[in-house]
Structures are given as structure tokens and as C-alpha cells.
Amino acid sequence: MATLFTKIINGEIPGAIVYEDDSCVAFLDALPLTEGHTLVVPREEIDHWLDVPAELLSHLMDVAQRIGTAQQQVFDCERIGVLIQGYEVPHTHVHVWPTNSVADFDARQRAAELQGPETLEPVAQRIREAL
């Protein structure tokens, strides 16, 4: 059965996509830690990041860095956080988000409700323009 991320990648469910290429897709997290929180996801369903081939993992991190650079331009933030954790969805994903303090790394601070396309799309557009 396809993961939630594969369904977003395939356009079966909505996602605010900020970047895509032949290997990966980056889209906004619907439960963001901060505004602009983006997930960089390989198109191939690979559960654990340790199983991602080195070349693909390097590409994911390159894309994460490009997105982080764009986020720094778009959002008023001190740093860009990055995390590979993978508990919620069994499909490798790199979290990239604007941050102003270590408190921005606390997942308990996530949005209380899922954010829909009407909220996410304007944020995604700002990141796409900066890319």
C-alpha cells in the first residue's frame, strides 16, 4: 500500500509542492513546526534513511540545503533546522524548517490542526519564488 507521501507525490491527495525532480519531491508539512516547514522525500518508498543509497541521500541533502537557503531568504529566522526522524510515515523524509530557537525543534509545538491548501499554498509559493 502506498504511503501518504507517495500519494502526495502522485497527486492522489493535495500537497503544497515547492520542488520536484526525477529523484525527489519537497512539499510543506501539513503539521508544521514553523511556517515554511518542508519535507524532502525520495520518490522511491524507502522506510529507513540508512537504507537510502548514498547517491540519493546526498541528493536529498543537496535539495534540503537549497530549500533551507530559500527559507532563510523568505522567513525571518536565525537558522534552518534539519532532521531525519521517520516515525510518522514509513517513507524517508528530511524535515527542513526555519528556526529561531531550540524550542522550534519540539514536535509538541506543531500546529494543532492539519493545515489545508488554502493556508499552505501561499507559503509554498514564497519558497518556490526564492528557489
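Me: Phenylalanine 105: what does it count as at 41% relative accessibility?
Reply: Phenylalanine 105 counts as partly exposed, because its relative accessibility is 41%. Buried means under 20% relative accessible area, exposed over 50%, and partly exposed is in between, using a 1.4 Å probe and protein chains only.

Me: What kind of model is this, and which pLDDT do local features need?
Reply: The model is predicted: local features need pLDDT of at least 70, side-chain atom pairs count only at pLDDT 80 or more, and totals for chains, interfaces and linings use all residues. Residues are numbered from 1 along each chain as its sequence is written, and side-chain values use heavy atoms, leaving out hydrogens and water.

Me: OK, aromatics. How many aromatic pairs does a search of the whole structure find?
Reply: Two aromatic pairs turn up in the whole structure. One of them joins tryptophan 97 to phenylalanine 105, edge-to-face, at 4.8 Å centre to centre with 65 degrees between the planes. Rings of Phe, Tyr and Trp (its six-membered ring) pair if their centres lie within 6.5 Å; planes under 30 degrees apart are stacked, over 60 edge-to-face, and the rest tilted.

Me: And tryptophan 97, buried or exposed?
Reply: Tryptophan 97 counts as buried because its relative accessibility is 0%. Glycine 81 stands opposite tryptophan 97 in S5.

Me: How much of S5 is covered?
Reply: Six of the six residues of S5 are buried. Val94, Val96 and Pro98 are buried on one side, and His95, Trp97 and Thr99 on the other. Strands (E, at least two residues) and helices (H or I, at least four) are DSSP runs, numbered from the N terminus.

Me: What is the order of the strands in the sheet?
Reply: The five strands form an open sheet in the order S1-S2-S3-S5-S4, with antiparallel pairing. S1 and S4 (79-84) are the edge strands, each pairing on one side only. From one strand to the next the twist averages 20 degrees. Two strands pair if DSSP finds at least two bridges between them.

Me: How many bridges join S4 to S5?
Reply: Six, with S4 and S5 (residues 94-99) running antiparallel; valine 82 has valine 96 as its bridge partner in S5. S3 and S5 pair over three bridges, also antiparallel, and there valine 40 is partnered by valine 94 of S5.

Me: Switching to H3. Which residues in H3 are buried?
Reply: Leu120, Val123, Ala124 and Ile127 are buried in H3. They lie on the same side of H3 because they cover an arc of only 105 degrees around the axis, where the arc is that of the directions from the helix axis to the C-beta atoms. Glu118 and Glu129, on the other side of H3, are exposed.

Me: What covers the buried residues of H3?
Reply: The cover includes strands S1 (17-20), S2 (24-28) and S3 (38-42), and helix H2 (54-74); contact means heavy atoms within 4.5 Å. H3 lies across S1, S2 and S3, at about 40 degrees to S1. Axes are lines fitted to C-alpha atoms, for helices over the stretch in contact, and angles run from 0 to 180 degrees between N-to-C directions.

Me: Last one: where is arginine 108 found?
Reply: Arginine 108 is in the loop between S5 and H3, and counts as exposed because its relative accessible area is 71%.
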